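Please read them with the coordinates open.

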Protein chains: 2
Amino acid sequence: MPLSIAYLGPAGTYAEAAALAYASSLAQDQQPSLCPYPSIAQTLKAAAAGQANVAVVPVENLIEGSVTVTLDTLWQLDSLQIRQALVLPISHALISHASSLEAIQAVYSHPQALSQCQKWLERFLPQVELMPTNSTTKALHYLEVDPTVGAIASLRAAQLYNLPVLASPIQDYPDNCTRFWVLGRDTSPTCPVKLGLETAYTSLAFSVPKNAPGALVRPLQAFAKRQINLSRIESRPSKRSLGDYVFFIDLEIAFTAAPVQAALTELATYTEVLKVFGSYTVQQV
Amino acid sequence: MPLSIAYLGPAGTYAEAAALAYASSLAQDQQPSLCPYPSIAQTLKAAAAGQANVAVVPVENLIEGSVTVTLDTLWQLDSLQIRQALVLPISHALISHASSLEAIQAVYSHPQALSQCQKWLERFLPQVELMPTNSTTKALHYLEVDPTVGAIASLRAAQLYNLPVLASPIQDYPDNCTRFWVLGRDTSPTCPVKLGLETAYTSLAFSVPKNAPGALVRPLQAFAKRQINLSRIESRPSKRSLGDYVFFIDLEIAFTAAPVQAALTELATYTEVLKVFGSYTVQQV
């Protein structure tokens, strides 16, 4: 059986580019197969149910921030661990059959891509209607029938579907990038054994009792007093009541390190639910 | 000149319902006029530029969390202060000309509304295509031409546009609600003078030096050691580099209270940029 990699499709999305980058990093005898899914939630659930060996999903964009569906789905599932993080440069192109920018009346793309090109769109296409789609590749479907329509996707997608590029790059920040996680089934937190503790990251999430003063400060102090640096904190609604949150934290150290183990033991006394999603290294694509 | 209230339109959105609730709470001689804008960013910018007296914008949903465009735009603008918070119950309906659920092939709505009805859709319409739109009202436009299409919006929107309701309520959580902020132009933080310090909230945002260990812990400790409860913390990308954030915090006390003033003085020594968006009370609609 070849290794199967679930991702948000169809072919041509940035998630597929991340999945291909992960596939090319594997040993040649693994020959992975790529499986597109229609949503990020379904991509993660496929890996959790064993329909795919791993899922490659976006977790955070430099400009737009967290991909909240990834965090919320991961909190609900119990069986996925992070194997690897990938940072993928994101460069957007305006793809259209129009002869010039003046002919364009509507631009379709995933809301994240539309936001990442917001200033460019305000400057060059201030009057067009911005239309959200479920993926950047889906936006390309609208080009077929209408030459007054543009779509925002990657140059790779334009080549894949043999479509003309009207402008590129058009993202507002040249260093735009997205962090992806590669996740697989595991019953206990995993750690990349070959790598030093200092080159690894650890991701975890926890809920705290609502309305307890300092409820978030104590967990953060458990790390700060042990000189463990947090590279990220994100709050998500617990979906129980307004003001009740789940916190997602990334540490710049492997979870097997002694200070992390001590901090996690202390943390468990403050939290209602604590989930460790394992340790992993970050690969720049 | 009547008071003008900017909101995300067209008429029939939840933002309009919040704007109407705010209008009805005003003294009768103010007779406000409601001005729809095509996006949340434009709504806020209209108030900042003085084109409208106030903007009413969603800031957080119980299920889907922060409305990130509201936070990001507020961080960029320098002249808006929060006058009031409104908590609006959110109840969604499936609106369609179809004779039954079986006839529906696609459902259109704002991505937040689609997410808030995710479990209902998986159960009753597992095969339909979910299509994002810029507002719930925009989704209603797709009903005109196609009886196999459904839209998710409020019962109020269905009545306003005289459209048939196929199912209601369909949100996954019966207590679903969204918090809105009413913002107006002011050069310095404002505080509702007639109300006790304990019934008010204060919102602020700050950036900290990147990669400083404990960079977030010290600001939080400034509040915790003075027994000031945080009802919310949210991180947003600074849009400079991955791992560089702006933090948004809500305090359960007015900013004029002595402990808050002391905490803010201490906080200013840890932060790069610190913005106080004023104090306000919360009104349940």
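1. Burial terms. A residue is called buried under 20% relative accessible area, exposed over 50%, and partly exposed in between, using a 1.4 Å probe and protein chains only. By that rule A:Glu266 is buried, at 14% relative accessibility, while A:Arg226 is partly exposed at 25%.

2. Basis of the values. The model is predicted, so local features need pLDDT of at least 70 and side-chain atom pairs count only at pLDDT 80 or more, whereas totals for chains, interfaces and linings use all residues. Residues are numbered from 1 along each chain as its sequence is written, chains are lettered from A and ligands numbered from 1 in the order in which they are written, and side-chain values use heavy atoms, with hydrogens and water left out.

3. An open sheet in chain A. Helices (H or I, at least four residues) and strands (E, at least two) are DSSP runs numbered from the N terminus; two strands pair if DSSP finds at least two bridges between them. Four strands of chain A form an open sheet in the order β13-β14-β12-β15, with antiparallel pairing. Its edge strands are β13(A) (230–237) and β15(A) (273–280), each of which pairs on one side only. Neighbouring strands of the sheet are turned by 15° against each other on average, direction ignored; axes here are lines fitted to C-alpha atoms, for helices over the stretch in contact, and angles run from 0 to 180 degrees between N-to-C directions. Strand β12(A) (residues 201–207) is joined to β15(A) by six bridges, the two running antiparallel. A:Tyr201 has A:Tyr280 in β15(A) as its bridge partner.

4. Helices on that sheet. Contact means heavy atoms within 4.5 Å. Helix α3 of chain A (residues 68–76) packs on the sheet and touches β12, β13, β14 (245–251) and β15 of chain A. The direction of α3(A) makes about 80° with that of β13(A). Helix α9 of chain A (residues 258–270) lies across β12, β14 and β15 of chain A, and runs at about 165° to β15(A).

5. Salt bridges within the chains. The term covers a side-chain nitrogen of Lys or Arg within 4 Å of a carboxyl oxygen of Asp or Glu. Over all chains the structure holds 24 of them. One joins A:Arg226 to A:Glu266, with the closest N and O atoms 2.9 Å apart. This pair links distant parts of the chain: A:Arg226 is in the loop between α8 (217–224) and β13 of chain A, A:Glu266 is in helix α9 of chain A, and they are 40 residues apart.

6. The pair in chain B. B:Arg226 and B:Glu266 also meet through their side chains in a salt bridge (2.9 Å, N to O). B:Arg226 lies in the loop between α8 (217–224) and β13 (230–237) of chain B and B:Glu266 in helix α9 (residues 258–268) of chain B, so the pair ties together parts that are 40 residues apart in sequence. B:Arg226 is partly exposed at 25% relative accessibility, and B:Glu266 is buried at 14%.

7. Charged residues around Glu60. In chain A, a network of salt bridges links A:Glu60, A:Arg179, A:Arg232 and A:Asp250. In chain B, the side chains of B:Arg179 and B:Glu60 meet in a salt bridge (2.9 Å, N to O). B:Arg179 is in strand β11 (residues 177–185) and B:Glu60 in strand β3 (residues 54–61) of chain B, 119 residues apart. B:Arg179 counts as buried at 9% relative accessibility, and so does B:Glu60 at 3%.

8. What does B:Glu60 touch? Leaving aside neighbours within four places in sequence, B:Glu60 is in contact with residues including A:Leu242, A:Tyr245, B:Arg179 and B:Arg232. A polar contact of 2.6 Å joins the side chains of B:Glu60 and A:Tyr245. Such a contact is a pair of N or O atoms within 3.5 Å; within protein, one must be able to donate a hydrogen and the other to accept it, and residues adjacent in sequence count only if both atoms are side-chain atoms.

9. The interface. The contact takes 47 residues from chain B and 47 residues from chain A. The area buried between the chains is about 3600 Å², of which carbon and sulfur atoms give 52%; buried area is the accessible area (1.4 Å probe) that two parts lose on being put together, summed over both. In chain B, B:Leu62, B:Lys239 and B:Leu242 lose the most area to chain A, together 18% of what that side buries.

10. Two salt bridges are counted between chain B and chain A. A:Glu129 forms a salt bridge with B:Lys138, the closest N and O atoms being 2.6 Å apart. On the side of chain B that touches chain A, β13(B) gives the most, with seven residues.
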